[in-house]
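Work through these exercises with the model open beside you. Try each task before reading its solution.

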Amino acid sequence: MEPIEMSLQITVDCAEPQRLVRFWAEALRYVPQSPPEGHASWRAYWAALGVPEEELTEDAGDQPESIVDPKGLGPRVWFQQVPEAKTVKNRVHLDLKVGGGRDVPLPVRRERVDGEVARLTALGATILYTMDEPHGMDYYAVVLQDPEGNEFCVA
């Protein structure tokens, strides 16, 4: 069997895509994804592809609903509007690894993590709890929620 070319996209179900685009673009240091060349908006692009108008919500595609790594290294993240609210804990979550790993002394990792947590809470994240295990594992991370309640970790 021939190897196939593949790329990774992370899709986040949400109620307000533009709200999460703003938050996660800042959180990940990504940028909102522009529509393909020759199209004024994603909605215009989808219309050109033949997507029926009734399949689109009122403001779908008027503003970017996805973010991309400006360096082209990380996966695209698409915020897909869905009608139902989040009701249970995420089964998959993102880890924002800013501490530097176990080769970095714990006080330095803690300072880096706490600095990033402060930045993210200023953007609208909420702290759920801290995982501070100085004995044995020598681990430090903070679990947060984005503005729609999706859990993620800063470690």
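**Exercise 1. Work out the strand order of the open sheet of 4 strands, and find its edges.**

Solution. The order is β5-β8-β7-β6, and the pairing is mixed. Strands here are DSSP E runs of at least two residues, helices are H or I runs of at least four, and both are numbered from the N terminus. Two strands pair if DSSP finds at least two bridges between them. Next, the edges: β5 (94–96) and β6 (126–133) each have a single partner strand, so one side of each is left without a neighbour in the sheet. From one strand to the next, the twist averages 25°.

This is a predicted model: local features need pLDDT of at least 70, side-chain atom pairs count only at pLDDT 80 or more, and totals for chains, interfaces and linings use all residues. Residues are numbered from 1 along each chain as its sequence is written, and side-chain values use heavy atoms, with hydrogens and water left out.

**Exercise 2. In which sense do β7 and β8 pair, and which helices pack on the sheet?**

Solution. Take β7 (residues 139–145) and β8 (residues 151–154): they pair in the antiparallel sense over 4 bridges. Q145 stands opposite E151 in β8. Contact means heavy atoms within 4.5 Å. Axes are lines fitted to C-alpha atoms, for helices over the stretch in contact; angles run from 0 to 180 degrees between N-to-C directions.

**Exercise 3. Identify the residues that touch the most other members of the largest nonpolar core.**

Solution. The core has 23 residues; W24, I67, F79, L120, L144, F152 and V154 touch the most other members. Such a core joins buried Ala, Val, Leu, Ile, Met, Phe, Trp, Tyr and Cys residues through side-chain atoms within 4.5 Å. Buried means under 20% relative accessible area, exposed over 50%, partly exposed in between (1.4 Å probe, protein chains only). Then sort by element: β1 (9–14), α1, β4 (76–81), α3, β7 and β8 each supply at least two residues. α1 gives the most, with 6 residues. Finally, check L144. Leaving aside neighbours within four places in sequence, its contacts include V117, I127, F152 and V154.

**Exercise 4. How many residues of the chain are there, and what share is buried?**

Solution. Of the 155 residues, 32% count as buried.
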